[in-house]
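The structure is shown first, and the numbered remarks follow.

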Amino acid sequence: MAQSSADPPAENPPQDSKSERFLRGLTDYEGVVLVSHVHPDPDSMGSMLGLAHLLETKLRLPIKLTRDGFIGRAENRAMLECLDIDLIPVEEVDWSPKEALVMVDSQPNTGRHTIPADLPIYAVLDHHETMGDVDEVPFRDIRGGIGATCTMVTNYLIEQQVKIPGRIATGLFYGIESELTGYPREASPLDDAALQFLYPHTQKDLLAYIRNARLPHSYFETLLQALQNTFIYDKLVVSWAGDLPQPELAAEIADFLIRFEEVDWAFCAGVYQDHMILSVRTVHHDGRAGTLLQQVVGRLGKAGGHDRRAGGCIPLVSSATTAVEQLRGQLRRRLLHALRIDECRGQRLVSRRELLSSLQA
Ligand SMILES: [Mn+2]
């Protein structure tokens, strides 16, 4: 019979299930702190929301949800606001050995956190293929083949027969949905089953509000700047976005450009504070974008991701225009080399003549 309510199946969770082991290891703690990667995305926030609900229901432990860095993307801010998610800045947390540290949607020492590197971590729940230092972590649930960490958390809630309120269902649903965008989809049957399970319980108006979040002026200015500095090299499109009002915009531009019918790869880079933020997308299902970007970035910074999507950042030695230009040149050469594209002059997406004539009009 089809699952028709938020009441999960009636049989008891098996003793060796992942959720059972996860909860069992937490019985000696007095509380739990949930952390994620910098600039938490919907998958991070939904996972924290879902896990907090699981822990509060099953163990009655006080839970802290945190954020590393700020949340910039309009959809993510809308999610935070309308689901009333209260995140404590990580720098304000007093780390105590009595509280278990649980990391979601990321792995330790992947360059995606600002928490002290020597903090003992009880658990890591993640779906990224980029391996972190997890040897010392007692509980690990890392499944690279899964589209979203929220899918794993949804399954913990189902296994533990925990009722999922509308607000939590909406967060988990949007967390999964936002990870499965683009074509081809990076999803497993488990992701689709979780979406199907959650959907009847989501708050549809809130979902629509998040999906259609209103955008600030700076979004359009940066987009225009990026399009004016976009170059085509064979099957690759490269966009230099300039200064980013918020770091996630590089990924949004890469998402937009990968839909360009003439290319298979999209790369966008922009400067946020003292870092160059990088984003890669490909239409190839087994494109190993994460590995490619790691190869391109090398020791200049950090990178990682999935088959079709990857992100990275490089600390800038200097913010002088010449230094940034030099880095751009280096990245472009490495990118062309990694994709086996001959070194050539890029063709502008919007020609110089068109740019000038539209300015004079
Ligand atoms: Mn994720």
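This is a predicted model: local features need pLDDT of at least 70, side-chain atom pairs count only at pLDDT 80 or more; totals for chains, interfaces and linings use all residues.

1. Residues are numbered from 1 along each chain as its sequence is written.

2. An open sheet of six strands runs in the order β3-β2-β1-β4-β5-β6, with parallel pairing. Strands (E, at least two residues) and helices (H or I, at least four) are DSSP runs numbered from the N terminus, and two strands pair if DSSP finds at least two bridges between them. At the edges stand β3 (88-89) and β6 (139-142); each has a single partner strand, so one side of each lacks a neighbour in the sheet.

3. Strand β5 (residues 123-126) pairs with β4 (residues 99-104) in the parallel sense over three bridges, and four bridges join β5 to β6, also running parallel. Val124 of β5 is the bridge partner of Met103 and stands opposite Arg140 in β6. Ala123 and Leu125 point one way from β5, Val124 and Asp126 the other way, and all are buried (20 or more other C-beta atoms within 10 Å of the residue's own; exposed means 12 or fewer, partly exposed in between, with C-beta atoms placed from the backbone). In a regular strand the side chains alternate between the two faces of the sheet.

4. Helix α4 (residues 149-159) packs on this sheet, touching β4, β5 and β6, and its direction makes about 115° with that of β5. Contact here means that two residues have C-beta atoms, placed from the backbone, within 7 Å. Axes are lines fitted to C-alpha atoms, for helices over the stretch in contact, and angles between N-to-C directions run from 0 to 180 degrees.

5. The largest nonpolar core has 48 residues, of which Leu34, Met48, Leu51, Val102, Val153 and Leu172 touch the most other members. Such a core is a set of buried Ala, Val, Leu, Ile, Met, Phe, Trp, Tyr and Cys residues joined through C-beta atoms within 7 Å. Helix α2 (residues 42-59) supplies the largest share of this core, seven residues. Neighbours within four places in sequence aside, Met48 is in contact with Leu34, Ser36, Leu65 and Val104.

6. Trp265 is found in strand β9 and is buried because 25 other C-beta atoms lie within 10 Å. Residues up to four places away in sequence not counted, Trp265 touches Lys235, Leu236, Thr282 and Leu339.

7. An open sheet of seven strands has the order β11-β12-β10-β9-β8-β7-β13, with mixed pairing. Its edge strands, β11 (302-305) and β13 (347-348), each pair on one side only. Four bridges link β11 to β12 (residues 309-315) in the antiparallel sense, and Gly305 has Ala310 of β12 as its bridge partner. Helix α8 packs on this sheet, touching β7 (230-233), β8 (236-243) and β9 (265-272), at about 135° to the direction of β8. Helix α11 (residues 321-338) lies across β7, β8, β9, β10 (275-282) and β12, running at about 160° to β8.

8. The domain assignment, which comes from an automatic or database source, gives domain 1 (18-211) and domain 2 (218-360). Their centres, taken over C-alpha atoms, are separated by 29 Å. The contact takes 11 residues from domain 1 and 13 residues from domain 2. Asn212 sits in the loop between α7 (204-211) and α8 (217-228) and is exposed, because it has 11 other C-beta atoms within 10 Å.

9. The peptide bond from Tyr183 to Pro184 is cis, with omega near -5°; Pro184 is found in the loop between α5 (166-179) and α6 (189-198). Phi is positive at His39, near 50°, and at Asp105, about 60°. His39 lies in the loop between β1 (31-35) and α2, and Asp105 in the loop between β4 and β5. His39 counts as buried because it has 22 C-beta neighbours inside 10 Å, and Asp105 because it has 29. Most residues other than glycine have a negative phi, and most peptide bonds are trans.
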